[in-house]
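Reader: I am new to this structure and would like to go through its charged contacts and its open space step by step. Could we begin as soon as it is shown?

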Amino acid sequence: MDEPPHTIPTTVLRDNREQQPWTFDGYAVETRDVTLSTGDYALPADCAHDVEADTYHPQFAVERKSGHDFLTALTWERDRFTSELQRAAEWTQPLTVVVEESWEALLCNRGPMTWRDIHPNQIAGTVSAWTRHYNVAFHFANCRQQAERCAFLCLVRHSLLRRFDNSDGADHSI
């Protein structure tokens, strides 16, 4: 059920362990709940399916984080999250992490920061270090709806980049 490389995605694979999944309502896309080895959202054309384990192994994915989840990934679940970042090390495009909280809110001790014992400098330092050391790109959105839109646009962008890469080998940066 792979999509041809010349189309904008019509199917998004969504990890079935997502607790507050995006539905992409209002977008011309269907979601299929599957087990993804890395990330929370991927495109079928970017995945190898291990039939025996019934797991999809993407070569590009979007990871969804609420503000609270993001802070937890930086602190209590840091080892688990860095393991996920390491799984994307060989991808041609970085693992995209979309956070449902604005960068400003995190750095100004608003939102989930108001009840967490983490300094904004720790957040900035960790994001900077992870961006340098891992194949990851962080996007911060003002709300859940904007984060969902950002994720969808990242999936579309990746699909278009794959289309250009497969067409003539020239650099068509978007």
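Reader: Which side chain does Arg 144 meet in a salt bridge?

Author: In this predicted model, local features need pLDDT of at least 70, side-chain atom pairs count only at pLDDT 80 or more, and totals for chains, interfaces and linings use all residues. Residues are numbered from 1 along each chain as its sequence is written, and side-chain values use heavy atoms, with hydrogens and water left out. A salt bridge here is a side-chain nitrogen of Lys or Arg within 4 Å of a carboxyl oxygen of Asp or Glu. At 3.0 Å from N to O, the partner of Arg 144 is Glu 100.

Reader: How many residues apart are Arg 144 and Glu 100?

Author: Helices (H or I, at least four residues) and strands (E, at least two) are DSSP runs, numbered from the N terminus. Arg 144 belongs to helix 5 and Glu 100 to strand 7 (residues 95–100), so that the pair links distant parts of the chain, with a separation of 44 residues.

Reader: Is Glu 100 buried or exposed?

Author: Buried means under 20% relative accessible area, exposed over 50%, and partly exposed in between, with a 1.4 Å probe and protein chains only. Arg 144, at 34%, is partly exposed, whereas Glu 100, with a relative accessible area of 11%, is buried.

Reader: How many salt bridges does the structure hold?

Author: Side chains of opposite charge can pair when their charged atoms come close. The pairs discussed here, among them Arg 162 with Asp 46, belong to a set whose total is 10.
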